[in-house]
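This briefing goes through one protein chain by topic. Look at the fold before turning to single residues.

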Amino acid sequence: MAKFEKSISGNFNQILSKIENGILNGSISASLEEQSDFRSGDAQCSVRVFERYSYFGGNRVSLSVTLFQNADEPIRVSAISTGGSQAVFFKVNTVGEEAFLDKLKEILE
């Protein structure tokens, strides 16, 4: 499992769209598996769960991305990738997880 967190400025919906398009167009096997959006007062939160095939690991990895913003505060991004390991009791191969997370970092830069 790999994790990335960052606070960014900008338009919430534009950043969310940029993430969705960047992930889905960044890999032929990438898919948006599920999504959730909600708002309460001045706060809004969006969750996206993506999957893609990891050629290096020979399996699928997932990336969960959460965007949260309260009023005009910076947008908080939290992303967790998982699923790259092939071992039963411990993690052996996490290259696919790191690569998926690196794609998100690239999109946000």
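**Overall fold**

Read along the sequence, the elements of the protein chain come in the order β-α-β-β-β-β-α. That makes 2 helices and 5 strands, where helices (H or I, at least four residues) and strands (E, at least two) are DSSP runs numbered from the N terminus. This is a predicted model, in which local features need pLDDT of at least 70 and side-chain atom pairs count only at pLDDT 80 or more, while totals for chains, interfaces and linings use all residues. Residues are numbered from 1 along each chain as its sequence is written, and side-chain values use heavy atoms, with hydrogens and water left out.

**Whole-chain values**

- Of the 109 residues in the protein chain, 40% are buried (buried is under 20% relative accessible area, exposed is over 50%, and partly exposed is in between, with a 1.4 Å probe and protein chains only).
- The protein chain has an accessible surface of about 6300 Å², and carbon and sulfur atoms hold 50% of that surface; areas come from the Shrake-Rupley method with a 1.4 Å probe, and for residues only the protein chains shown count as cover.
- Among contacts in the protein chain with a separation of 6 or more, 51% are between residues 24 or more positions apart; a contact means heavy atoms within 4.5 Å.

**Strand pairing**

- Strands S2 and S3 run antiparallel and are joined by 9 bridges; two strands pair if DSSP finds at least two bridges between them.
- Leu-32 is opposite Phe-50 in S3.
- The hairpin of S2 and S3 has 2 residues between the strands, and Gly-41 takes a positive phi near 60° there.
- Strand S1 (residues 2-8) pairs with S5 in the antiparallel sense over 7 bridges, and Phe-4 has Ala-79 as its bridge partner in S5.
- Strand S4 (residues 59-70) is also antiparallel to S5, with 7 bridges, and Leu-63 is opposite Ser-81 in S5.

- Strand S5 (residues 75-82) has Ile-75, Val-77, Ala-79 and Ser-81 on its covered face, and Arg-76, Ser-78, Ile-80 and Thr-82 on the uncovered one.
- Ala-71 lies in the loop between S4 and S5, in a hairpin with 4 residues between the strands.
- The phi of Ala-71 is near 55°, a positive value in a residue other than glycine.
- Ala-71 is partly exposed, because its relative accessible area is 38%.

**A buried arginine**

- Arg-52 is in strand S3 (residues 43-54).
- Arg-52 is buried but has no salt bridge, and the nearest side chain of opposite charge, Asp-102, is 8.0 Å away.
- A salt bridge is a side-chain nitrogen of Lys or Arg within 4 Å of a carboxyl oxygen of Asp or Glu; Lys and Arg count as positive and Asp and Glu as negative, with His and the chain ends not counted.
- Not counting residues up to four places away in sequence, Arg-52 touches several residues, including Ser-27, Asn-59, Gly-96 and Phe-100.

**Exposed residues**

- Ile-28 is in the loop between helix H1 (12-25) and strand S2 (31-40), and counts as exposed because its relative accessible area is 81%.
- Ile-28, Tyr-53 and Tyr-55 make a nonpolar surface patch with about 410 Å² of accessible area together.
- Patches are made of residues with over 30% relative accessible area and no salt bridge, joining like charges within 9 Å and nonpolar side chains (Val, Leu, Ile, Met, Phe, Trp, Tyr) within 5 Å.
- Asn-13 is in helix H1 and is exposed, with 53% relative accessibility.
- Asn-13 and Ser-46 are 33 residues apart along the chain, and their C-alpha atoms are separated by 9.4 Å.
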